[in-house]
Protein chains: 2
Amino acid sequence: MDLFSRIRDQVAIVGIGHLPFAKEIGRPISDTAIEASQLALDDAGLEAENVDGIVMYELEKTHEVTIARGLGVENLGWWDKITYGGGASCATILHAAAAIASGVATTVLCIRARNRGSKAARPWAQERELVTDDKALHVPWGLIRPVDVIGMWAHRHMLVHGTTREQLGNVAIAARRHANRNPHAMMHERKLDMETYLGGRVIGYPLTLYDCCLETDGALACVVTSAERARDLRQKPAYVHSGAQASGPNPTHLANYNTPNMETTAVPCARQLWERSDLKPKDMDCAQIYDAFTPLVILGLEDYGFCARGEGGPFTEGGRIELGGDLPLLTSGGGLSEAYAHGFNLILEGVRQIRGTSTAQVGGCTSVLVTGASGVATSALVMRGD
Amino acid sequence: MDLFSRIRDQVAIVGIGHLPFAKEIGRPISDTAIEASQLALDDAGLEAENVDGIVMYELEKTHEVTIARGLGVENLGWWDKITYGGGASCATILHAAAAIASGVATTVLCIRARNRGSKAARPWAQERELVTDDKALHVPWGLIRPVDVIGMWAHRHMLVHGTTREQLGNVAIAARRHANRNPHAMMHERKLDMETYLGGRVIGYPLTLYDCCLETDGALACVVTSAERARDLRQKPAYVHSGAQASGPNPTHLANYNTPNMETTAVPCARQLWERSDLKPKDMDCAQIYDAFTPLVILGLEDYGFCARGEGGPFTEGGRIELGGDLPLLTSGGGLSEAYAHGFNLILEGVRQIRGTSTAQVGGCTSVLVTGASGVATSALVMRGD
């Protein structure tokens, strides 16, 4: 029996909300999470008393019961946190869906609040405390920051497949052009052209400033409920058509850049995702591919089956990944140019595309792929409209 | 539609395993988690390659992918961590069940490894760093350790309901007598009588040494799969008949001892648990009620509906909660006398009772209640046999 049919198109995202993104949000993180959740409930036309679940990232610094109390939730009947940073993004929706499909919850908030505050939010700045587990295999050799490790992936892709800096630049520029249309994007007013891109200072060879995501405070939330309830609510539902989490056989924290055929953790995730889906990559009207760094997007195009291994670079050419192209990517500006909230903003943008309310709206969009961070144990989602 | 019917008796615990409990286990925590998981798989007659999910407590200090790699799991398709200390215990099984019932995973390991190592594992010993959130409401006033707060619950119960120290002692002595039958229990060889109990030194008034759980290192695991697969496996399945998580309307970290009618977070948990269950409290052949401190057991008897509010003390009298009595409690010795692993050992003991393999076996046992820590957002489980 295909038990995933209990989730497929039977659960929907019915509300979204977020606070203005900022370099420093300047308020307690719990307050921002509560306020974003209230916005998402308002958007759905639901009340706090309808909520009985909360799912968050494990790196989230808020407490479920503090949020519940602040909102006025009467009782939570489901909560969990999911590990592996941005790998958790789409998994929050999948866990909400599993709770709903198995009768444990009816209406679940998925939340991502990020507030770097006065302390460094970048954990590698405190590596002396953190060199444990897999990290002991690479941190002492200088692969310290995520950008160092993703740089190795990028360099290998360039060497083996001939990927060029201009192709990485196509990703950064597509994201920026979409951000320029999105008043909520941190980079809304800043243009980026190829000359500027190529002149960016090196952050971790071969990656430069514009290959790297922003550093952003923010608070975002989604409301997830059954398709049956969704039909009575205010917004056009974004149905959870497929979803998957995957670790792959030998995951290490980002640093498995020497896998056979350059396969990231997204490969087993994609396999599961499409197995559970009636839709295929060719059916996607746009894709929000996790973009902590530009090469992850090129790898993601390959991993999720939009092109063969090594063809991700050429795929980005000729406007193909921009609005009007075959597969617009990162239509809100993504982590590169809208805000870096460990991928949760990509989920909200997926919902907007299904609703038809994106500022870079793909005409007639009915199917969207959203992915979490690859390299770490990850997750992905296919949303569809009616 | 009763969606919980997708879980009820459709998912089962099919394997259990744990390492010998110790005051100091003396080995890396990941190694112990991997070894306990392997024991649970061996017990079930399954291989690592069958596993596609891991669920743990949020306070767990291990990484899912490290355990998966160490065991030889090919790919994880579900993982999460659940907050609120011992409140998470039964929720691990519930989340595994939801994953299985909704087709996201087929065979899930639930794990609890605790390794206090050379560092103090008692976080209140580092309170200067930890006075955040709700704790700011009570820690500065001297309610620092869990025992301080549970002492307030106990004292109120004594004042309002006339509960006696002897009644608390009945809980400690029942747990100890059961531990005396269990060769794995830390207190296997140590007897406890009422005179010794009453002479225990005060830890947090009115609670004394024998009202408090042990401090133990340990590693424990369960394997959860569908009832359909369970029928082909080695052990008699312990079916997940009902399960619930609950936060209640106004949860604060243990410190809500002034709730109306002394209701803990277990009250909404119990309501949901029994609503989802064909069985009722009177059908339970034994109960493993979370016992970080003896008063939690007396409150638990009331909260889970075995007796009315205030009658938990008298309920413990006349051998009623010991083997041979109406409702044997903590038949492995529990957190008080077997080991303190934030309640995960209570789940393993529930499975043994269903299998008929406990060292304090209740004759003809087919139904067991297991509960998580009350006071914090919590969880509970009803298991049944064939």
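**Notes on a predicted two-chain model**

1. Let's start inside chain B, at Tyr304(B). Leaving out residues up to four places away in sequence, Tyr304(B) touches Ala266(B), Cys269(B), Ala270(B), Leu273(B), Trp274(B), Pro281(B), Leu369(B), Thr371(B), Ser379(B) and Ala380(B). Keep in mind while reading that this is a predicted model.

2. Tyr304(B) also turns up in the largest nonpolar core, a set of 270 residues. The residues with the most contacts inside that core are Ile13(A), Tyr304(A), Ile13(B), Tyr304(B) and Phe306(B). As background, nonpolar side chains tend to be buried together in soluble globular proteins.

3. Now for the interface. On one side, 45 residues of chain A make contact, and on the other, 44 residues of chain B. Together the two chains bury about 4000 Å², with carbon and sulfur atoms giving 50% of that area. Val65(A), Arg69(A) and Trp79(A) are the three to look at here: they supply 17% of the area that chain A buries against chain B, more than any other three residues.

4. Which elements of chain A give two or more residues to the side that touches chain B? They are helix 2 (64–71), strand 3 (78–82), helix 3 (89–101) and strand 8 (238–246). By residue type, this side of chain A divides into 20 nonpolar, 16 polar and 9 charged.

5. How many salt bridges are there between chain A and chain B? The count is 0. Polar contacts are another matter: 25 residue pairs are in polar contact across the interface, with both residues at pLDDT 80 or more.

6. Have a look at Ser89(A), in helix 3 of chain A. Is Ser89(A) buried or exposed? Its relative accessible area is 0%, so Ser89(A) counts as buried. Setting aside neighbours within four places in sequence, Ser89(A) is in contact with Tyr57(A), His342(A), Gly343(A), Phe344(A), Ile347(A), Thr371(A), Gly372(A) and Ser379(A).

7. Helix 10 of chain A, residues 294–303, is mostly covered, with 10 of its 10 residues buried. Among them are Pro295(A), Leu296(A), Val297(A) and Ile298(A), but also Thr294(A), Glu302(A) and Asp303(A). What do these buried residues pack against? Their partners, again in chain A, are helix 5 (146–161), helix 6 (165–180), strand 6, helix 9, helix 11 (312–315) and helix 12 (334–337). Just after helix 10, Gly305(A) takes a positive phi of about 85°.

8. There are cis peptide bonds to check too. In chain A, one joins Tyr205(A) and Pro206(A), with omega about 0°. Pro206(A) sits in the loop between strand 5 (202–204) and strand 6 (207–208) of chain A. In chain B, the peptide bond from Tyr205(B) to Pro206(B) is cis, with omega near 0°, and Pro206(B) lies in the loop between strand 5 (202–204) and strand 6 (207–208) of that chain.

9. Finally, a couple of backbone angles. Asn261(A) is not a glycine, yet its phi is positive, near 55°. Asn261(A) is in the loop between strand 8 and helix 9 (266–275) of chain A, and at 45% relative accessibility it counts as partly exposed. In chain B, Asp9(B) has a positive phi of about 65°, and it is not a glycine either. Asp9(B) is in the segment before strand 1 (11–18) of chain B.

Definitions and conventions:
Residues numbered from 1 in each chain as written. Chains lettered and ligands numbered in written order. Predicted model: local features only at pLDDT ≥ 70, side-chain atom pairs only at ≥ 80, totals over all residues. Heavy atoms only, no water. Contact = heavy atoms within 4.5 Å. Buried area = accessible area lost by both parts, 1.4 Å probe. Salt bridge = Lys/Arg side-chain N within 4 Å of Asp/Glu carboxyl O. Polar contact = N/O pair within 3.5 Å; in protein donor to acceptor, adjacent residues only side chain to side chain. Helix = DSSP H or I, 4+ residues; strand = E, 2+ residues; numbered from the N terminus. Nonpolar A, V, L, I, M, F, W, Y, C, P; charged D, E, K, R; others polar. Core = buried A, V, L, I, M, F, W, Y, C linked by side-chain atoms within 4.5 Å. Buried < 20%, exposed > 50% of the residue type's maximum accessible area, 1.4 Å probe, protein only.
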